[in-house]
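Please look over the fold shown below.

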Amino acid sequence: MTTSDLRGQVGRIQNQVKEIQEVVRMYSSTTGPRRVRRSKMDVMSQEVQDTNPYSRLMALKTMGVVKNYERVRDFSVAVIGIGGVGVSLVEMLTRCGIGKLIIYDYDTIELANMNKMFYRPEQSGWNKTMACRHYCSELNPDTTFEVHNMNIATDENRAKFKETLASGSLDRKGAVSMIVGCVDNLEARQLMEQVSEELQVPFMDAVVADDAMSGSVQLIIPGRTGGLEAAPIKSHMQKRPGTCPASLPTTDSIIAGITGQNVLKYLLGFGEVAFLIQYNAITNDFQSRMTYPDPRKASAVPATPGA
């Protein structure tokens, strides 16, 4: 191990200590409301009681919508980008009882994020991944969380990114069930598509345009569908001092909701999965279409988990 590696480890430990101190400070505060945590539940019960957090989810099974909703606990989903779309998606999947969530981001919380995320002003400076895990693990202690504070697009992190996905299943013996990208960086999106092909894991790309007036969700299955060449949104404005893209929590929530619904449909095998759906906030228009693989890309076809 080199000196540089040791310094990197020390830096990561220092950040973790800082995060722990912030959590302790928040919990020791006498000004906030008393937090109530529920116990973990071994099974998802169909029993209709006010104290059962799964009764309304399991009603999907009793009503015949989903054959085996409790299978949601068997799946592991990686979410890259915990911004306006990603943070809402993680919250939704947590409330839906997904088995495991692996979240990736390298950014910290700023006051500018308050318009579209569930973070609070006192969490400014926290790592987004840590704050997201802290909030969502309280919502559902049955969901397992794994967080990585890293920029997946950098050369030094690409191998680790692929490695964590390849061993991201609940038992760590296999790959994640799905990769979901919620970023506006085309390089990172292309990397996710590449890793998706290498691991033969489906990739869902969720993105909102710079003006916050449109967005799209695309499901890419290696060898079976088209790739990012079919994506309607490919470019975003470059970050420069004094400029920033627009954002609306309404548009972000719509795209996050469509993404979460699509994830559940694909994994649990119910309803009609959208392979490419576009939303226009100006005209209230939704367009959905199929995409087809590039014949120049030869890939094996993975089995559909919900089949």
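How many helices and strands make up the secondary structure of the protein? The count is seven helices and eight strands. Helices (H or I, at least four residues) and strands (E, at least two) are DSSP runs, numbered from the N terminus. This is a predicted model: local features need pLDDT of at least 70, side-chain atom pairs count only at pLDDT 80 or more, and totals for chains, interfaces and linings use all residues. Residues are numbered from 1 along each chain as its sequence is written, and side-chain values use heavy atoms, with hydrogens and water left out.

**Overall figures**

The protein has 307 residues, and 45% of them are buried. Buried means under 20% relative accessible area, exposed over 50%, partly exposed in between (1.4 Å probe, protein chains only). Of the contacts with a separation of 6 or more, 65% link residues 24 or more positions apart. Contact means heavy atoms within 4.5 Å.

**The sheet**

Eight strands form an open sheet with mixed pairing, in the order β3-β2-β1-β4-β5-β6-β7-β8. Two strands pair if DSSP finds at least two bridges between them. The edges are β3 (144–149) and β8 (285–289); each has a single partner strand, so one side of each is left without a neighbour in the sheet. From one strand to the next, the twist averages 15°.

| Strand pair | Sense | Bridges | Bridge partners |
|---|---|---|---|
| β1 and β2 | parallel | five | Ser-76 and Lys-100 |
| β6 and β7 | antiparallel | five | Val-217 and Ile-277 |

β5 and β6 form a hairpin with five residues between them. Ala-212, in the turn, has a positive phi of about 65°. β6 is mostly covered, with six of its seven residues buried.

Helix α6 (residues 186–199) lies across β1, β4, β5 and β6, and runs at about 170° to β5. Axes are lines fitted to C-alpha atoms, for helices over the stretch in contact, and angles run from 0 to 180 degrees between N-to-C directions.

Asn-127 sits in the loop between β2 and α4. At 15% relative accessibility, Asn-127 counts as buried.

**Helix α3**

Is α3 enclosed or open? Ten of its twelve residues are buried, so α3 is largely enclosed by the rest of the structure. Among the buried ones are Gly-84, Val-87, Leu-89 and Thr-94. Gly-97 follows α3 and has a positive phi, near 90°.

**Nonpolar cores**

In soluble globular proteins, nonpolar side chains tend to be buried together. A nonpolar core is a set of buried Ala, Val, Leu, Ile, Met, Phe, Trp, Tyr and Cys residues joined through side-chain atoms within 4.5 Å. The largest one here has 53 residues. Tyr-69, Val-77, Val-79, Val-90, Tyr-119 and Cys-132 touch the most other members. Helix α7 (residues 249–268) gives this core its largest share, eight residues.

Leaving out residues up to four places away in sequence, Tyr-69 touches Met-44, Leu-57, Met-58, Leu-60, Lys-61, Cys-96 and Leu-268. Another core, of 21 residues, lies apart from the largest one. Its members include Tyr-104, Met-192, Ile-220 and Ala-231.
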